[in-house]
Amino acid sequence: MANAAEESHPASALHSRSSLYIYNPYEKRTVLVPLNNFDAFISLLKCVIGTGILAMPLAIRYAGIVAGALLSVLLMILLTYCIHLLITGMTECCRRIQVPQVSMPEAVRIAYELGPGCVHSFARTAGFVTSCVLGFGQFGLCCVYIVFVSKNFKEIGDYYLKDYNERYYVLCVCVLQLPFIMIRKLKFLVPLNIISNILLYAGFLCIMYYLFRGLPNLQEREMFKPPTDWMMFFGIAAFSLTAVGSMLVVEANMSHPESYLGFFGVLNLAVFCILFSNIFFGIMGYWRYGEHVEASITLNIAQNEVLSQLIKASIALGIFLSYPLNGFVFITVVFSDYGTGGTEEDINPKRRYVFEILVRLCFLLFTGFVAAVVPNLAALTELEGAFSLCNLNLLCPALIDMFVNYDVGYGRLRWKLIRDILIIILGAVFGIVGCTVAIRQLVDDLSRPQQHKS
């Protein structure tokens, strides 16, 4: 629909400034099964609060309690600001070409076409690369989910049953996930999100029993760690605090998307809850277990107690039910830009349905395969966080804003251009250093079994 409308406008429409004040894409947007504000709020919490919050104690271990809390607040402010920048830029792209909605890859392509002439030829390539980055980010997130669920159920299974290889649990998780990944409407995932949130928060509340029991003297814990360890913190914290792809999908499916941004908008309210939960959980987990904290705090609590087993089962089930929502984002990336192969009239609904089912099945199988091959939860979390922080949270919003404002100006003293350049530099540094550290951990982890065999 967006593509057809776009084709009806000449290329010069991209540079039309009058559309800034006439066309309102929110008024033209139609969603078959829209989310109300409450649905959007619940879905946002579900998008972000999951395995990441359970890894926050490990992040605090790398930074220290005081430094970790301060850096978490600063990082969340930066990430939230960039999400606002991204959605504002995408909405501006809709106004420029007068369509109700564009995906993130489409917005990147349009922004490149609006920018200086030297980048116009890279527009389609940039859009395609953005699709790949967005898809890879969601793919990595779902791999982390499968590893997490498998590890926690293995801990329970090892106590009551035989010590089976973790790959058997990965296989079981993938088989049980099959009917949920086939749900094709975001609205129908809301009940799963509500159940998942209840299970997760029930598990979080119960796990406080172990975190508050036997707390050591706070002076035994580090308040500040050396800055050389902070990169590990940023990778895990970025994974814990945001999920760009899911946040965009929620906004795109709202009945009142104009309520998403704003100081007291749905996004900011959800961000406040997410930030508070992560900092509190991270500090308490590190205070209790110190340098021995695991990649997920659930792996630190007792294995032979009924309460701890119920906690692990509750949280693992909550994460299990989070997988379909993040898989939905991947499917949206594939089919919003590359799944039609023509205009809506040319699409064979039956063929599209079969193709979508196959894509969903392959997505599940490939995430399960990676989870079985690379079971290092901490390194996967750091890699996913650093990769997404660099590309989706920082580089894309800054590039879109920079090119969209190219023909209308960057404000007094070009402050918008300076801001965008600083965000790009920050994103590049985070991405290169963070991904390098995480990849080294993964390589070391994969080489250890080989050394034992030899």
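Modeller: Quick definition: on a 1 Å grid over the protein atoms alone, a cavity is a set of points where a 1.4 Å probe fits but cannot get out, and lining residues have an atom within 4 Å of a point. This is a predicted model, where local features need pLDDT of at least 70, side-chain atom pairs count only at pLDDT 80 or more, and totals for linings use all residues. Residues are numbered from 1 along each chain, and side-chain values use heavy atoms, without hydrogens and water.
Biologist: OK, how many cavities of 30 Å³ or more turn up?
Modeller: Searching the whole structure gives 1. The volume of the largest cavity is about 180 Å³, counted as the space filled by probe spheres set on the points, which are joined across faces, edges and corners.
Biologist: Switching to the surface, what makes up the nonpolar patch?
Modeller: Tyr159, Tyr160, Leu161, Tyr164, Tyr168, Val306 and Leu310 form a patch of about 810 Å². Patch residues have over 30% relative accessible area and no salt bridge, with nonpolar side chains joined within 5 Å. Both α8 and α14 (306-320) supply at least two of the patch residues.
Biologist: Is Val306 buried or exposed?
Modeller: Exposed, because its relative accessibility is 56% and the cut-off is over 50%. Val306 sits in α14.

Note on methods. On a 1 Å grid over the protein atoms alone, a cavity is a set of points where a 1.4 Å probe fits but cannot get out, and a pocket is an open set with protein on both sides within 12 Å along at least five of seven lines; lining residues have an atom within 4 Å of a point. Patches are made of residues with over 30% relative accessible area and no salt bridge: like charges are joined within 9 Å, nonpolar side chains (Val, Leu, Ile, Met, Phe, Trp, Tyr) within 5 Å. Accessible areas come from the Shrake-Rupley method with a 1.4 Å probe; for residues, only the protein chains shown count as cover. A salt bridge is a side-chain nitrogen of Lys or Arg within 4 Å of a carboxyl oxygen of Asp or Glu. Helices (H or I, at least four residues) and strands (E, at least two) are DSSP runs, numbered from the N terminus. Buried means under 20% relative accessible area, exposed over 50%, partly exposed in between (1.4 Å probe, protein chains only).
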